[in-house]
Amino acid sequence: MLGFLIQRLIQAAVVMMLISALVFIGVFAVGNPIDVLISPDVTQQIRLDTIAAYGFDKPLWEQYLNFLDRLVHGNFGRSFVFNMPVLQLILSRLPATLELTVAAVVGAMVIGIPLGMYAGYRPDSPVTKTIMGLSILGFSVPTFWIGLVLIMTFAVHLGVLPAGGRGDTVAVLGVEWSFLTLNGLSHLFLPALNLSLFKLAMMIRLARAGTREIMLTDTIKFARATGQSEWTILRRHVLRQIAIPIVTVLGLEFGSTLAFAVVTETIFSWPGVGKLIIDSIQSLDRPVMVAYLMLVAFLFIVINFLVDIAYAALDPRLRTRRA
Amino acid sequence: MTALLEVKNLATHFFTRNGVVKAVDDVSFTLDTGEILGLVGESGSGKSMTGYSLLGLIDPPGRIVRGSIRLKGQELVGLPQRELRSLRGRRLAMVFQDPMTTLNPVLTIAEQIRLAIEAHERVSPAASRARAIDVLTRVGLPDADARLDSYPHQFSGGMRQRVAIAIALLNRPDLIIADEPTTALDVSIQAQILTEMKSLVRDLGTALIWISHDLAVVSAMASRILVMYAGRIVESGPTAAVLRTPQHPYTNGLLNSLPSRAAPGQELTQISGLPPSLATLPPGCAFHPRCPKADGVCQTPPDVTASGARGWRCHHPLHGEAA
Amino acid sequence: MDKATPLGRFWAEFRESHIATAALALILAVGTLALLAPWIAPQNPYDIGTLVLMDARRPPGHVGANGFVYWLGTDAQGRDLLSATMYGLRISVQIGVAAGFIAFVVGATLGATAAFVGGRIEMLVMRFIDLQLSFPAILLALVLSALLGQGKTQIVIALVTAQYAYFARTAHGAASAERAKDYVEAALSTPLPASRVIFRHILPNCLPPLIVVATVQVANSIALEATLSFLGLGLPVTEPSLGTLIANGFQYMLSGRYWISIYPGIALIVLIVAINLVGDQIRDQLNPRLKR
């Protein structure tokens, strides 16, 4: 097991290096690196000073090492628009996005898995057909559209939920969280629902396919032959087995959900990292863009790593083989 | 003395898109306490389906369309699922062919045994473990305590099957149905398991229905034998008598095709033709298209002729009316 | 269609599903509409000269200054929404199909060639593909779109880059399976060049799973392009795609002028759902594990 972990860690480190190299080439070698660091409206003297300070007149490989050095120290430059260190800026907005994403993923799991299992257990019932029909919609309809419809229905027509923004927050561990207040929850509900729908549809389809496949196996027949109830079978045999592909997908999709948060945050004016990146793109706040790329890549690698571990933890067959 | 099991005119049909498949058609037999009965037939003869029917494990689109199954006088056909479930694993048990697929790959042996016990009564983890060790030792699994926390894939095929047999024996059922339990195992292991099962059921007084396509295996185990073809029982009687003087041409064909019966250097005899599709059975006797003794009268279905302990379903028995 | 050929049988089974057939008919209808838009749309929404500013933000059914009926209302610039939606559909279909097709060709060739060549090159290429696949398409498309700027070509490039990896992986899987089969060995023992073997022998047998991926990816391309346009990247305002139209109408939703966003939105949804339904049916029919 330890060898497995170390192997994965090394792989993760290698990938990070690769991505940093790619970003470096893309930004510093191809583009004009100065534009990434200095706002276009500074004096010529400041430009020259910066060039010297960052060593843009040095050979490329030396610049790369400087770049890596800066990365490791968390120095991503300063945002043009907000005039504060980029890392700090991103970290201040991260909790909001995390809150939204976690709420969406948890919601998708808690609702999607039981629904999908039911659909797999009773494939021909009319309830199942409805569920599957709705899941196609959740799958196909673009997130931004659903967001619009949600706002229209709940905020405009019914007026029961707010149309945007984040609610009141409570500080826990030095970070502001909004789900701990009722007002915060009312603001969190619609965007989380919006973000979760795609994953929900995916969970339903996964759980259904897995359940259907497993219900036809001899394991279930044998369990029935021992007199175990259908409920026990679903809970202890089916759920345990479909957990494996679901966890894998969940892990990978967590990253994708984080990415899709960009759309949801824009529509609901949710002050998270996603909205930040869109605003930055539109205002050409390049340091933020670069930092966002790197941090997202890092996050993905971490997530992939965690999923690998979870996979090995859930499927005992993998443990002995790797060791 | 009432028999342990009385099956009368059992018929299990599958209502598929391509027609009605008569998997089991008019099967009748009795079984006494502690008796070992062999059920022989090729794939598609309906032998496994008969076994499933006894436990009520027929899934849609199939169902038992008529007939009666009486266990110690209690009628099983038409019994609500809840009551059937309380009988399964307690009074009736089943062992399947491939233990790799019957045991759940992601649960430990201890957990699976525990589920089988908890299906019928509440037990403490310690009590469940004690019973598990007891029953595993009884089936000849060495070092049972250490083995309990292993997973199925960590065992060899023979050991896995012993675990499955142990689970079947957990609640000391009156009847165990074994569906080709040794077919997937090495020949040497096969012999071991056969001997062990024979002594186990003798010690516990459990009746056993041994389903197999292998006449040699069945003849070693069973005191009485039923030969099935195309969903019907075509011959029945004490094993020794049936094998010595088979009445039905099909039984005769099966015996002659055994490699042990052929003289060295001689070609193996085969039964000509192929088994019929169970959706489109030939009229009258299902075997007549392949039978060397068939003639016009075989177009009408033959009735069961009983003579002493033997029975056959044929218009032209090989040894006339003599048993 | 002749039932004896594989295509004939496929079509016969396809027709059994009413939903899928209806969806297919819908796609064809939309496709025709999109193709003929410049000729049958009542107004050319790109021609600023034809827009009447006084008729801006009018509800559906409004009769305009010169007796022109705005069946679906107008948007903030006075564009007839019916025409704008038709043109928008046209762009969506164009980009979706173009991006899907190019991604198909690029990805499939890459995947099949990697499977064929084998060795370290195959390993490197597939590792790279796997890496890219673990990165969400939307982020990739977002970043590329931001870097490349607005425009049809740019967005197609962004979409292709985000999606070719799916085709590559599927093609690689199918081609690897085919590569191991005997007929490929036979073909390779002849003087035929390797490229010929790949294109004439291996690829055609890999088509079924690739077609399934293609339908999904075309639907994805359309949705992705709409999302990007909605966010302000993607296509310029002068060539509004459905996403741009929806974005334009967003601010008016809260004041009750729902039609500016709704109608383009409905058109978009219908198109995507129809493609997904057809794709689902094709996938179910081609899935060997579901053959009962």
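Helices here are DSSP runs of H or I with at least four residues, and strands are DSSP runs of E with at least two. With that in hand, chain A of this predicted model comes out at 13 helices and two strands. Chain B has 11 helices and 12 strands. Chain A has contacts with chain B and also with chain C, so here's a quick tour, based on the globule rule for chain B's overall size.

**Chain A**
- Of the 323 residues in chain A, 39% are buried.

**Chain B overall**
- Chain B has a radius of gyration of 21 Å, close to the 20 Å the globule rule gives for 323 residues, so it's as compact as a globular protein of that length.
- Laid along its principal axes, the C-alpha trace of chain B spans about 65 × 50 × 45 Å.
- Buried residues come to 46% of the 323 in chain B.
- For contacts with a separation of 6 or more in chain B, 66% are between residues 24 or more positions apart.

**A sheet in chain B**
- Four strands of chain B form an open sheet in the order S2-S1-S4-S5, with antiparallel pairing.
- The edges are strand S2 (19-31) and strand S5 (74-75) of chain B, each of which pairs on one side only.
- Strand S1 (residues 5-16) of chain B runs antiparallel to S2(B), and 10 bridges join the two.
- Thr16(B) has Gly19(B) in S2(B) as its bridge partner.
- Helix H1 (residues 47-55) of chain B lies across S1, S2 and strand S4 (62-71) of chain B, at about 70 degrees to S2(B).

**Where chain B meets chain A**
- On this interface, 25 residues of chain B are in contact with 19 residues of chain A.
- On the chain B side, the elements giving two or more residues are helix H2 (81-87), strand S6 (92-95), helix H3 (99-102) and helix H4 (109-118).
- Sorted by class, that side of chain B has 14 nonpolar, seven polar and four charged residues.

**Where chain C meets chain A**
- Here 29 residues of chain C are in contact with 29 residues of chain A.
- Two or more residues each come from helix H5 (137-148), helix H8 (194-230), helix H9 (242-253) and helix H10 (259-286) of chain C.
- H10(C) gives the largest share of that side, eight residues.
- The chain C side divides into 23 nonpolar and six polar residues, with no charged ones.

Terms used. Residues are numbered from 1 along each chain as its sequence is written. Chains are lettered from A and ligands numbered from 1 in the order in which they are written. This is a predicted model: local features need pLDDT of at least 70, side-chain atom pairs count only at pLDDT 80 or more; totals for chains, interfaces and linings use all residues. The radius of gyration is taken over C-alpha atoms; the globule rule is 2.2 Å times the number of residues to the power 0.38. A residue is buried if 20 or more other C-beta atoms lie within 10 Å of its own, exposed if 12 or fewer, and partly exposed in between; C-beta atoms are placed from the backbone. Two residues are in contact if their C-beta atoms, placed from the backbone, lie within 7 Å. Ala, Val, Leu, Ile, Met, Phe, Trp, Tyr, Cys and Pro count as nonpolar, Asp, Glu, Lys and Arg as charged, and the others, Gly among them, as polar. Two strands pair if DSSP finds at least two bridges between them. Axes are lines fitted to C-alpha atoms, for helices over the stretch in contact, and angles run from 0 to 180 degrees between N-to-C directions.
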